[in-house]
Amino acid sequence: MKIAILSRNKELYSPSRMVEEARARGHEIRVIDPLRCYMNITSHKPSIHFKGEPLEGYEAIIPRIGASFTFFGTAVVRQFEMMEVYCLNESVAITRSRDKLRSLQLLSRKGIGLPITGFAHSTKYTKELIDLVHGAPLVIKLLEGTQGLGVVLAETYNAGESVIEAFRGLKANILVQEFIKEADSKDIRCFVVGNKVVAAMMRVGRKGDFRSNIHRGGSVHKVKITPEERSTAVRAARIMGLNVAGVDLLRSNHGPVVMEVNSSPGLRGIETATGKNVAKMIIEFIEKNALSSNTKTKGQG
Ligand code: ADP
Ligand code: MG
């Protein structure tokens, strides 16, 4: 097959592992920087060009769209959808998962367990908002934050109020959340491919940090997940419409709760922690599913 990975940097672990596994399976694959693509969206024959050359004949696209270039990155994915090229994760699903509030609303509608979460525009109702999530301690998050940046734990009611007002003063969109204390600075990353959790790891926050993100100094460990965690992760990925997803769960007293669903989950941590060849599983999934007729939205909406 002829495959392209949309990624800003081909030297990164995840794209280079997928290139390695795809080549080992006889595929033609290259990494394309989506920010260097330009496209003709008006023509009867929609096209994408890269460094002066039209991108033609691709049968599958693997989008790795970082949070810093969601707008243009998803436009490039959408353009491939217009050209009826199979995209492993579709543009609408990527956009959906990038917005924490939107994702949680969709998950909640389908009965997925979530931390109690509140959202408001005006700071006039900050007190009510904090009460809604059962008071302090509480977690405050920037809607488009990533890698643990923009996630704050307010230990007291007053701290919560100040942080909410400070963020809102900067016009930032935030959500507030019940603090799942019993998770004990640990979360579980379930790596979903298709309808299966193909690997799972536990991330443990650096001493003194409630955030378990690897980028914040967290460490990764093997973990055995429960059937309930497994089915929650698979359902969450389905609801978001993602074929490949990193579903992050916390172990709460009332069962697994989903924190977020990541559309470009990294491979390094999960392959290191589990010893599993996740890159190969992704390529195998593409081999089985890459038909343009399998594109659900064709770029709509
Ligand atoms: P990001 O997109 O920046 O990774 P997350 O929502 O995943 O933001 O939060 C970062 C980390 O903070 C999580 O991995 C988890 O360890 C911790 N965390 C987030 N929300 C909560 C919460 N409600 N209760 C306890 N810990 C939380
Ligand atoms: Mg996270």
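Which residues in H3 are buried? In this predicted model, the buried positions of H3 are Ser-91, Val-92, Ala-93, Ile-94, Ser-97 and Arg-98. Helix H3 spans residues 91-98, and because six of its eight residues are buried, the helix is largely enclosed by the rest of the structure. The cover over these buried residues includes strand E16 (255-262) and E6, together with the helices H2 (70-82), H4 (100-109) and H7 (227-240).

The axes of the two helices, H3 and H4, come within 5 Å and cross at roughly 100°. At this angle H3 is roughly perpendicular to H4, because angles of 65 to 115 degrees are assigned to that class. On the H3 side the contact is formed by Thr-95, Arg-96, Ser-97 and Arg-98, which meet Lys-100, Arg-102, Ser-103 and Leu-106 in H4. By class, the contact of H3 with H4 contains four charged residues, three polar residues and one nonpolar residue.

The crossing in which H1 passes H9 is right-handed. Arg-17, Met-18, Glu-21 and Ala-22 are the residues of H1 that meet Ala-279, Lys-280, Ile-282 and Ile-283 of H9. Five nonpolar and three charged residues make up the contact of H1 with H9, with no polar residues.

Both H1 and H9 also supply residues to the largest nonpolar core, a set of 27 residues. The residues with the most contacts inside this core are Met-18, Ile-62, Leu-88, Phe-191, Val-278 and Ile-282. At least two core residues each come from H1, H9, helix H8 (268-274) and the strands E1 (2-6), E2 (28-32), E6 (60-63), E12 (186-193) and E13 (196-204). H9 provides the largest share of the core, six residues.

The loop between E1 and H1 contains Ser-7. With a relative accessible area of 4%, Ser-7 is classed as buried, because the cut-off for that class is under 20%. Ser-7 and Val-31 are 24 residues apart along the chain, and their C-alpha atoms are separated by 6.3 Å. When residues up to four places away in sequence are not counted, Ser-7 touches Pro-15, Val-31, Ile-32, Asp-33, Pro-34 and Arg-64.

Terms used: Residues numbered from 1 in each chain as written. Chains lettered and ligands numbered in written order. Predicted model: local features only at pLDDT ≥ 70, side-chain atom pairs only at ≥ 80, totals over all residues. Heavy atoms only, no water. Left-handed = near helix turned anticlockwise from the far one by under 90°. Helix = DSSP H or I, 4+ residues; strand = E, 2+ residues; numbered from the N terminus. Contact = heavy atoms within 4.5 Å. Nonpolar A, V, L, I, M, F, W, Y, C, P; charged D, E, K, R; others polar. Core = buried A, V, L, I, M, F, W, Y, C linked by side-chain atoms within 4.5 Å. Buried < 20%, exposed > 50% of the residue type's maximum accessible area, 1.4 Å probe, protein only. Axes fitted to C-alpha atoms, helices over the stretch in contact; angles between N-to-C directions. Parallel < 35°, antiparallel > 145°, perpendicular 65-115°, else oblique.
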